[in-house]
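Dear colleague,

Please find the structure below, handed over for your use. My findings follow directly after it.

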Amino acid sequence: MTDAAVAAGDADLDDLLSDEAIDYPARYHARLRQADPVHWNQRWRGWVVTGYDEVISGFRDHQRLSSDRFAGPFGVELRRAAQRSSSEQLLNFLSQFFVWKDQPYHTHVRSLVNKAFTPRSVERLRPRVRGLVRELAQPLRGRDGADFLAEFAFQLPVIVIAEYLGVPSDARQDVRAWSEDLGAVIFVRGDDAERMQRGEAAMARLVDFLRPVVRARRREPRDDLLTAMMQAEERGDFLSEDEVIANAVLMVFAGHETTMNLISNGIVAFSEWPEEWRRLQREPDLARTATEEVLRYDGPIRALARWAKEPFSLAGRAIGAGERVLLVQHAANRDPAAFAGPDRLDIRRWPNRHVAFGQGIHTCLGAPLARLETQEALRYLAAEFAAIEILNEELHYHPTIVSRGLQQLRVRCHER
Ligand code: HEM
């Protein structure tokens, strides 16, 4: 890091959790991008990348930017937190999440899981997802106010991922609570002993819940993702029982929080652009491009972190070995250099090269599933409801650097 970069640090711009950054990210990111698309953030003590080209190049630079949370600056933080709390099980299983691994281990696990998670196997779920959307939307009718997050947006992805994996979906309320506690460790920062302890307890329960299910599948294979993960084999390699469990936890976690936030952020986006809702009602086949546009306009992941394994230059900035780099997808997706009229919701936008699912070797594995669920939800809700009115006077989002999720969304659904 150079002196000039330090001098460029701006106290206001450096607060990634300010009210503006959390509740009005587009405004905040535009200021950041204009000031410096690769900006040294003194408070976070890392580089914050907001230009589209720079974010893409960060995602694709697997040689120099690491995803490993158990090494480099993140590893130091985790080890410190682990010393303050007894969180062995948590760290043991988190360390097997392949999203936090570099090559070659990442390539090995991803190739095995990929076999189980193909776009074709996901597409087979469409009729079931369509039926679930219809079922879950019924209780929203004729009510003065409904809790859209809890009653609809959460239910759909958690039932779908539980059924796809092959775990009993009647435990979904427990799964939600455990996964929220894990999220506090994953999305915030694992440097708080109490949070680590809650994460440890949550991981222990998830593992206790999943281990017997995995063992039962070994005895009696079924047509589900857990069985497929156990049977996946390449050049004599298998996933161990713990690896299967760890990656099932990853999918439960990655598979519901994000999709829940995407669907609810979509409802907010359409309330800002009612003409686009009417367009979707007239042309329901736009549900596919509308889903991509909502991912771009207000996707559920704000930013993802990496760290530099060696010194290199990004957009003229000298990134030092061991320094953290935050790739801000939300900012890239609103960069006027990449998208015409980036602050407009345009459900016909095509091509739409947003980075909501990341890029490179870690590109979201569950993207086909998230797309399918959101397409079906938007198509059905637009067909049934003239408008989904938002009742909250103000909307507030969870204060985290990584995710973009509403704290609450109360709605009234107006019949067509
Ligand atoms: C709208 C919903 C979703 C969004 C925006 C999203 C976004 C992302 C992003 C940005 C990454 C890259 C992480 C990185 O580069 O560090 C990722 C990875 C991943 N996602 Fe998603 N995701 C979504 C839904 C899902 C679903 C439904 C599942 C599974 C059922 C899932 C499973 C995964 C997995 C396993 C990875 C790790 C892939 C790897 O490291 O190779 N995601 N996701």
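Where is the place of cysteine 364? Cysteine 364 sits in the loop that runs between helix 18 (329-332) and helix 19 (367-384). Please note that the model is a predicted one. In this model, the iron atom of the ligand has Cys364 as its only protein donor, through SG at 2.3 Å.

The loop between helix 18 and helix 19 also holds histidine 354. Is histidine 354 buried or exposed? Its relative accessibility is 9%, and because residues under 20% are classed as buried, histidine 354 counts as buried. The side chain of histidine 354 comes to 3.1 Å from the backbone nitrogen of alanine 356. Neighbours within four places in sequence aside, histidine 354 is in contact with Glu292, Leu295, Arg296, Asn333, Phe339 and Arg371.

Histidine 256 belongs to helix 15, which comprises residues 241-272. With a relative accessible area of 1%, histidine 256 is buried. A polar atom of the histidine 256 side chain is found 2.9 Å from the backbone oxygen of valine 252. Which residues does histidine 256 touch, if those up to four places away in sequence are not counted? They are Phe154, Pro157, Val158 and Ser179. As for proline 221, the C-alpha to C-alpha distance to histidine 256 is 25 Å, with a separation of 35 residues in sequence.

Five strands make up an open sheet with mixed pairing, and their order is 1-2-8-5-3. Strand 1 (38-41) and strand 3 (65-66) form the edges, each pairing on one side only. Helix 5, residues 72-84, packs on this sheet and touches both strand 5 (303-308) and strand 8 (324-328). The direction of helix 5 makes an angle of about 105° with that of strand 5.

In what sense do strand 1 and strand 2 pair? The pairing of strand 1 with strand 2 (residues 46-49) is antiparallel and extends over four bridges. Within strand 2, glycine 46 is the residue that stands opposite asparagine 41.

Yours sincerely

Note on methods:
Residues are numbered from 1 along each chain as its sequence is written. This is a predicted model: local features need pLDDT of at least 70, side-chain atom pairs count only at pLDDT 80 or more; totals for chains, interfaces and linings use all residues. Side-chain values use heavy atoms; hydrogens and water are left out. Two strands pair if DSSP finds at least two bridges between them. Helices (H or I, at least four residues) and strands (E, at least two) are DSSP runs, numbered from the N terminus. Contact means heavy atoms within 4.5 Å. Axes are lines fitted to C-alpha atoms, for helices over the stretch in contact, and angles run from 0 to 180 degrees between N-to-C directions. Buried means under 20% relative accessible area, exposed over 50%, partly exposed in between (1.4 Å probe, protein chains only). A polar contact is a pair of N or O atoms within 3.5 Å; within protein, one must be able to donate a hydrogen and the other to accept it, and residues adjacent in sequence count only if both atoms are side-chain atoms. Donors are N, O and S atoms within 2.8 Å of the metal (3.2 Å for Na, K and Ca); water is not among the atoms, so sites may look incomplete.
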